Every structure is written in structure tokens, then in C-alpha cells.
Amino acid sequence: EAARKAAAEEEAARKAAEEEAARAAEESRAAEAIARAEAAEAARIEARRRKADALPPEPEPGTDVSRVVVRMPDGQRLDRRWHKDTPIQTLVDWVESVDAEAGPLSLESHFPRVTYGAEDLTTSLHAAGLHPQATLYVREAESGEECGAEEEGDGDAGEGQDAS
């Protein structure tokens, strides 16, 4: 009887030790995941800060300057001047530098409806029909959406554009 009781206590102690080791391992994995997420967030914020630092200075108004207004999903309005030869990638960098929490995004004009995607990032504002002025809307992209551009309409000049 005493031997059976001792064996049962030994088994219970072994199970308790295994459960504690499993709990400690899970806590360690959770702490590592949190540390990785924090490091990734810090790296993302640093990358956005570098993008902001790399933006060209805002030019004075002129015939070679485009005025771009960007409406953020939260209603915030960004307004800035850019040289007409500025690539769309610079606008994306600008938006990302302003909103450090933004995930993948797409920029779109409403008239004509155009979504600017990966293949448009090297296109200048002028070539994209965004000169002398345009209003763009930021939309959080769904998976893979930021990688493509789609156009609807007849392809005429964008919102607020002149036909020259």
C-alpha cells in the first residue's frame, strides 16, 4: 500500500513537472513572438521615418508643379505640391511616412476611376494624368491588391485635369 501511494505521488509530481515545463515553454514562445512583433514594428516605423526623410522638398507653385490632395481612410486630408515628373512611388512613400500604422494601400482617383498599383509606381504624375492637380483616395489594399492597377472609364485625363 505504501509503495503504491509513493508511486502515485511520484507520478503526480512527474505530471506536475511536465505541465510546468510545458507552461514555461509556451510562455517563452509567446514572449519570443511578442519580441519579434515589437522588433518588426520598430523596423517598420524606422523605414517610414527614412521614407519621410528621403522625400524631396516641396516646390513653389508653378507650371511644372502638381498639387495633390490625398484623402486618408480616417478622413485626414493631406495636401502637397510635387514636381510633375515625380513618380507615383514618391506619393506612396509620402502617405506611408505620414501614417506609420498604414498597411498595404492603393491610391485611386474617382474620375476617371483609376487604381494605381505596382506597375504604375514609376509613372510620373504628369504621365498618369495627375497634373496640374488631383485628388487621390487611400484605400487599404486587400491581399495582393496593391500589386495591380485597374482602370475603368474611357482613359481621359484624371480628376481636375486640363486636356493639354
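Visitor: Is Glu-58 buried, exposed or partly exposed?
Guide: Partly exposed, because its relative accessibility is 36%. The cut-offs: buried is under 20% relative accessible area, exposed over 50%, partly exposed in between, with a 1.4 Å probe and protein chains only. This is a predicted model; local features need pLDDT of at least 70, side-chain atom pairs pLDDT 80 or more, while totals for chains, interfaces and linings use all residues. Numbering runs from 1 along each chain as its sequence is written, and side-chain values use heavy atoms, without hydrogens or water.

Visitor: What does Glu-58 touch beyond four places in sequence?
Guide: Arg-80 and Arg-81. Contact here is heavy atoms within 4.5 Å. A polar atom of the Glu-58 side chain sits 2.9 Å from the backbone nitrogen of Arg-81.

Visitor: Switching to His-131. Buried or exposed?
Guide: Buried, because its relative accessibility is 13%.

Visitor: Which side chain makes a polar contact with that of His-131?
Guide: Ser-66, at 2.7 Å. A polar contact is an N or O pair within 3.5 Å; within protein, one atom must be able to donate a hydrogen and the other to accept it, and residues adjacent in sequence count only if both atoms are side-chain atoms. The His-131 side chain also has a polar atom 3.1 Å from the backbone oxygen of Thr-63.
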